[in-house]
Amino acid sequence: LVLLVATQNVYMAFMALCTVGMIVSCVLGYCYLVGWALGAGECVAGTIVIGLAVDYVIHLGHMYLEAKHAGFHTRRERSEYAFNTMGATIIAGAMT
């Protein structure tokens with residue numbers, strides 16, 4: 001619901017929700033596969049993963065939607081615009 005209000009786009013909110021769900025599933029699934037017990041550290045890490053995943057996905061989604069106002073009309077142009085404007089910031093945030 002928050003994603004829908006933030007993006008004002010049903011498709012973008014759905015895709016963002018799916019992407020965040022897949023990121024969290026991969027990270028927590030990896031923890032399960034290597035046999036880590038779900039303790040306090042894993043819970044904190046899981047919460048951080050969810051927060052970062054939402055942050056990165058929303059930033060890219062927002063720039064994708066804003067690309068239309070900047071004069072980009074095809075999906076490819078809008079995707080390139082989003083990655084070119086937010087890509088370095090997202091990668092820098094992920095590395096820290």
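# Cores, rings and cysteines

Two aromatic pairs turn up in this structure, counting rings of Phe, Tyr and Trp (its six-membered ring) whose centres lie within 6.5 Å. This is a predicted model, where local features need pLDDT of at least 70, side-chain atom pairs count only at pLDDT 80 or more, and totals for chains, interfaces and linings use all residues. Residues are numbered from 1 along each chain as its sequence is written, and side-chain values use heavy atoms, leaving out hydrogens and water.

**Aromatic pairs**

- A pair of rings is described by the distance of the centres and the angle of the planes.
- Planes under 30 degrees apart count as stacked, over 60 as edge-to-face, and the rest as tilted.
- Tyrosine 30 and tryptophan 36 have ring centres 6.0 Å apart and planes at 90°, so this pair is edge-to-face.
- Tryptophan 36 has a relative accessible area of 49%, so it is partly exposed (buried means under 20%, exposed over 50%, partly exposed in between, with a 1.4 Å probe and protein chains only).
- Phenylalanine 72 and tyrosine 81 have ring centres 5.0 Å apart and planes at 35°, so this pair is tilted.
- Phenylalanine 72 is partly exposed at 29% relative accessible area, and tyrosine 81 is partly exposed at 22%.

**A charge over a ring**

- The charged end of arginine 78 sits over the ring of tyrosine 64, 4.5 Å from the ring centre (the rule asks for NZ of Lys or CZ of Arg within 6 Å of the centre and within 35 degrees of the ring normal).

**Nonpolar cores**

- A nonpolar core is a set of buried Ala, Val, Leu, Ile, Met, Phe, Trp, Tyr and Cys residues joined through side-chain atoms within 4.5 Å.
- The largest one has eight residues: Met12, Tyr56, Met63, Tyr64, Leu65, Ala82, Met86 and Ile90.
- Two or more residues of this core come from each of α3 (40-67) and α4 (75-95), and α3 gives the most, with four (helices are DSSP runs of H or I, at least four residues, numbered from the N terminus).
- Tyrosine 56 touches Ile90, Gly93 and Ala94, leaving aside residues up to four places away in sequence (contact means heavy atoms within 4.5 Å).
- A second, separate core has seven residues, including Leu3, Ala16, Val20 and Val24.

**Cysteines**

- There are zero disulfides, a disulfide being a pair of cysteine sulfur atoms within 2.5 Å.
- For cysteine 26, the closest cysteine sulfur is that of cysteine 31, 11 Å away and too far for a bond.
- Cysteine 26 is exposed, with a relative accessible area of 56%.
- Cysteine 43 is in no disulfide either, as its nearest cysteine sulfur, in cysteine 31, is 10 Å away.
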